[in-house]
Amino acid sequence: MKSQLNTNLNRRNFLKTSLLAGGGMLIGFNFLTACKPEAKMPVDIASLNFNDFNAFIKISDDGYVTIFSPNPEIGQGVKTSMPMIIAEELDVDWKHVTVSQGALDTKNYTRQIAGGSQSIRSSWDALRQTGATAKQMLINAAAQKWSVDASTCMASKGIITNANGDSFGYGDVVKEAALLEVPEDVKLKEIKDFSIIGKDAINVDIDKIVTGKPLFGLDYKANGMVYASVLRPPVFGQVLESFDASEAKKVKGVIDVITIGEKVRNFVKSGKNNWTFIISESDKVVVVAENTWAAIKGKKALKATWKMDTKAESTEDHDKVLTDILEGSKFNTRREDGDVNKAFASADQVIEKTYHSPFLPHNCMEPMNFYADVTAEKVHLVGPVQTPEFAAQVVSELLGHPLEKIHLDMTRMGGGFGRRLYGDFVYEAAEISNAIQKPVKVISTREDDMTTGVYKPSVKYRIKAALKDGMVTSYYIKEAAMNGNMYGSIPNFFPAGCIPNFKVDTASYKSNVTTGAWRAPYTNFLAYAEQSFFDELASALNVDTIQLRLDLLQNVKGTTDKRIQYSGQRMEDVIKLVREKAHWGETSEGVFQGFSAYYSHNTHVAEIADIVLKDGFPVIQKVTVAADCGIVVNPTGARNQIEGGVLDGIGHAMYSDFSFKNGKPEYQNFDKYRLIRMQETPKVDVHFVQNELSPTGLGEPGLPPAGGAVANAINAALGKRLYRQPFVNGLKKSTVLG
């Protein structure tokens, strides 16, 4: 889809200006109206005070600009890239811009979330229009002072000039500009004239990150704040029966030991939202202390008795249940084209394989934490959460405070990967503060995070294909998952539309283990399974594995099937680009390549992994990536996202395993849970398809194809197909050097 330069919106409806008390102009805009001009206004805009808006440009008298970034920063780079879009259209020198985190105020936003790789995609037009409108108002103010027509003036890098060569800086006219009417129509820049978008920009938080200045939730402190550590059920499904806090209270610095849980339990029972399934309904024991050390030490001294009514689950149980589901007949059909059974009956050859992935924790480097200060008058929350609006709403329900009394400040997140979508740690902090009537910081340990968290569920796929006359004529995939389906949400991705007889079936069972979104949910494991399977089909057909994908994609080009979500042409473009950049089939002797391509989060990505054998074992040397994410706003940030996604995908596919025994996770920390190590990380060579299409997501799409590319390269080198993750369990050696 061509970039939408929508300039037909009524700017009075989404943008307001205001003079700052100390001088300068403040500009706010309303995402709901800007993104959805047909949408009804959420409030009477005419009655709003300017401070009701939640994203701003601030221009000071000296011409310096502060741009407030509205979305939570999780490491995906939106705190840098979203202001870059405004600055581009505002036409200000980027080095004169300061970026600050915006406040939570989703009343007038459609989306203030870090998740789904959608921040830039969903706000692209609105951010551009806001910057362009502000620039036009400054030009109009300068023209008025010169008594000339505004059309004879122009602005560049914060300087306005007229036909006579006179000039004003933005700061010289900002007061006058703030008093003008908001223009109805403004001209957006031609993409060829971009001077900020498309240029490398340093992360605006980099100084604080490398020097350790306060930035993250764990850094936050407030006067009178105490600390809390929470003892949760050690086995999923258990509830608290009794506890003895006598030893904990002897720890120096421990202030009190309390229990919480009733408010959350009541909220879960209310059924007011469908995310509370990840919250244990048990009471929890909380040690409140003067410092973190005392709180954690006090928690370790607690003695608690737990009980449960159901059988404690183990990984062996999970494996059997998932296999039984695949071999059963109770499925939900998510998509069905043609007649798969008839095609299988007439096939020359039928290939069927089963793929398995384990549970995976999120492992954010910054463990879960949150600050809460609950009083009778207000609730103040501070910390890292991907869904701040949702968290504030739940706290409002929990405590019975009006939503307008809930004030939540967002901090930068030390990783999220989906874990911080769920605000269980926010609710705990709020309930504790409410109970003790003090400001409190609740901090989880690494062990807390890994053993009582939310996990990517274990999944099994069984894929079956029919081959006839050198063609793939039928494709049937069955999914067995936990606590809901995975594939069922995306039955219209590749190869849907490419194969005439096509069917997707899903089934799941209810587990006590809490499961949820994990980076690139749905596709993180599915992409490996399908792309590995297609590699196997290419071998059976004796055709080049890349050419097989390209041939199949011809069947979906020009499709009238509106259910199809990916583009055959854009997928073909990334495949051809990566084939060229990786020198597919032209590498030196001893280098083995594996190919994979996948569409997710509106972005098309193709990857080729190069491996060599060292003492007979595979070593991943390089991964070449081609991505089509439309216009690349910040190339530095974009490359970082792809590189991180590839390494994350490789690392978890190769090494990460997670199991349960008698209901307890068998891994508590990084001494046992295996992540990719520095010496195992390959070079990642990233290329972007150049076009003028609107930006799409990048935080996640680099991950899904990575496992398939590596698995296919290992097969090229060793002739060994890998059907279970982590791959190291299927190799003879547990360490693969990079």
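Buried means under 20% relative accessible area, exposed means over 50%, and partly exposed lies in between, with a 1.4 Å probe and protein chains only. This is a predicted model, in which local features need pLDDT of at least 70 and side-chain atom pairs count only at pLDDT 80 or more, while totals for chains, interfaces and linings use all residues. Residues are numbered from 1 along each chain as its sequence is written, and side-chain values use heavy atoms, with hydrogens and water left out.

**Salt bridges**

- A salt bridge is a side-chain nitrogen of Lys or Arg within 4 Å of a carboxyl oxygen of Asp or Glu, and by this rule the count comes to 36.
- K250 and E247 are joined by a salt bridge of 3.1 Å from N to O; E247 is partly exposed at 35% relative accessibility, whereas K250 is exposed at 61%.
- Salt bridges with shared partners also connect E88, D91, K135 and K189 in one network.
- R639 forms a salt bridge with D200, their closest N and O atoms being 3.1 Å apart.
- R639 belongs to helix α16 (residues 635-655) and D200 to the loop between α4 and α5, so this pair ties together parts 439 residues apart in sequence; helices are DSSP runs of H or I with at least four residues, numbered from the N terminus.
- D200 is exposed, at 52% relative accessible area, while R639 is partly exposed at 31%.

**The loop residue I202**

- I202 lies in the loop between α4 (170-178) and α5 (206-211), and I202 is exposed, with a relative accessible area of 65%.

Note on methods
Helix = DSSP H or I, 4+ residues; strand = E, 2+ residues; numbered from the N terminus.
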